[in-house]
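Have a look at it first, then work through the points below.

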Amino acid sequence: MKIENGRFVVYGNALDARQSQKTIKWQNMFIKKFHYDPNEKYTLSLEENPYLGPIFGLKNIVRGDHGAPIVRENAVICSTLRMGFGHFRIAMAGVSCARAMGFQPYWLDLLAIPGITTDVIGWCNDNYSRFSRWSQKSALFNKYVWESVTTGEPTLPGLNAFLNNWIVGWPWRFLKTNVKDYKMSELFRNLHQALPSDMPILTAHMWNCMGAVAGGMTNVVDMMFDNWPMAFQLTEGAKHAVQSPSGYYGFRTMRGFDDKNRILNPVPEDALYYTGHHVDHELVENIEEDCAARLQRMNDNQPRRFLLTMGGAGAQRELFKAIIEHCLPLIQAGKIALFVNLGDHKSNWDWLQAELADKKDMLHTHFTWEDTQAYADQIRTEPASGLHVFLFDNTFHAVYATNYMMRVVDVMITKPSELAFYPVPKIFNERVGGHEMWGAIRGAELGDGTVEARSIPQTLQAIDMLTHHNDLLEMFCDCIVKNKSIGVYDGGYKSVELATGKKFERKPRA
């Protein structure tokens, strides 16, 4: 990152001196807190990924020399971390598309590499999860604090001044937060210096991207998340794969990225690319087949299949409870089949069991990947019914189970986070953070999902509409097929292309 006259500069836009000094203090706080050694050397090697290895031939990058050597040729690194499930999901799309294009995917999870990355990101994750949960428990906190932090929109005058002065509360949209995050991520440079500097790397979070660039990597593509442009996602020195045209415009012009509302210098054309949505190859490749199956089930009057997904933070329990209670009589009447993926949140299963104590006879549980895969494959050609709960002991299966089940369900119920970009009919329930609002807007305008249901009654209305009527499901499926034909869901392939120079050639359908 450039510095001029004591001020950090991003794409020709200078932070003020006071804010620049605060970002240095922020970095020094982590250096001192976690005893950072700038001369630390990393040795990295490869191990089989026990969860997605059998599916994608995926190998994990691990610390130490006890594994196989890292091979530069024909390999693509997919770098991520767990902050919610969305960043794992984006990286999995990169893995799937890289594999489909003939590359060997490597998985780099910054939270699986012991050292400064684990220390720093773990500390930040604790705060993020805490604030995210508070936003679901307190309407006032959500409205006046969390929405402002996650969007950059002003809140109450005194509170607004406090958040913009307290570095932990700096809104994600502003340039100062970009510099703050980059200075923190500079501490990850030693790790990335242990990798071949020109190796293609797809990053699913800006801290992964910033750490790679700070470590001297020259072939970095950031698979950007959400649909609300925020300055903290940019990394000068990387290519950015943006999922929507509106997102591209916002990043290109750095719209609203200055905390004083000044017009900023734009991001250069060669740093920003509109790629489309980051989606797994298996999902994109089979869109026509899967949508046809949905319409056939509809015409056969089979129970409508709903998939309810819990996010990585495990929030929105009360919403889940309301949805399940509303669906129980519809399940008993044979109108719907409900699949609930609790991810890896065992405590939420303990809670849900207690809530459904008098309905245990209705529950079907799937607690292993093998069982989940077998059940999904079974209902690809056979009818489905009942209430099914999915729970896993690892993040990989917790996330990928939703992707795998997408192909055999009719409607997915989700908050408008990264799942907003996937080619399956969707009901968008209430967001967790204002930045997610634009994911619902994107899906609603593309025609593959509802508008955001901002209350429980609105969510239940959407369920009833998609259960008892056919017009919405028909429209969503039609739009999904049309969206595929114009490349809306090709972001994963194009990200790999940006990193490797190899284009994806889609085979003509028979």
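How many cavities of 30 Å³ or more does the structure hold? There are three of them. Keep in mind that this is a predicted model.

**Largest cavity**
- The largest cavity comes in at a volume of about 60 Å³.
- Its lining includes the run Met 224, Phe 225, Asp 226, Asn 227, Trp 228 and Pro 229.
- Gln 233, Val 242, Gln 243, Ser 244, Gly 247 and Phe 251 also line the largest cavity.
- By type, the lining of the largest cavity splits into six nonpolar residues, five polar and one charged.

**Second largest cavity**
- The second largest cavity has a volume of about 40 Å³.
- Leu 283, Asn 286, Ile 287, Asp 290, Arg 294, Met 406, Arg 407, Pro 423 and Val 424 make up its lining.
- Helix α12 (residues 287-299) gives the largest share of that lining, with three residues.
- For the second largest cavity, the count is five nonpolar, one polar and three charged.

**The seven-stranded sheet**
- Seven strands form an open sheet with parallel pairing, in the order β14-β15-β13-β12-β16-β17-β18.
- β14 (363-366) and β18 (449-452) sit at the edges with a single partner strand each, so one side of each has no neighbour in the sheet.
- From one strand to the next, the twist averages 20 degrees.
- β12 (residues 304-309) pairs with β13 (residues 336-341) in the parallel sense over six bridges, and Arg 304 stands opposite Ile 336 in β13.
- Helix α17 (residues 437-446) packs on the sheet and touches β17 (426-428) and β18; the direction of α17 makes about 140 degrees with that of β18.

Methods: Residues are numbered from 1 along each chain as its sequence is written. This is a predicted model: local features need pLDDT of at least 70, side-chain atom pairs count only at pLDDT 80 or more; totals for chains, interfaces and linings use all residues. Side-chain values use heavy atoms; hydrogens and water are left out. On a 1 Å grid over the protein atoms alone, a cavity is a set of points where a 1.4 Å probe fits but cannot get out, and a pocket is an open set with protein on both sides within 12 Å along at least five of seven lines; lining residues have an atom within 4 Å of a point. Grid points are joined across faces, edges and corners, and a volume is the space filled by probe spheres set on the points. Ala, Val, Leu, Ile, Met, Phe, Trp, Tyr, Cys and Pro count as nonpolar, Asp, Glu, Lys and Arg as charged, and the others, Gly among them, as polar. Helices (H or I, at least four residues) and strands (E, at least two) are DSSP runs, numbered from the N terminus. Two strands pair if DSSP finds at least two bridges between them. Axes are lines fitted to C-alpha atoms, for helices over the stretch in contact, and angles run from 0 to 180 degrees between N-to-C directions. Contact means heavy atoms within 4.5 Å.
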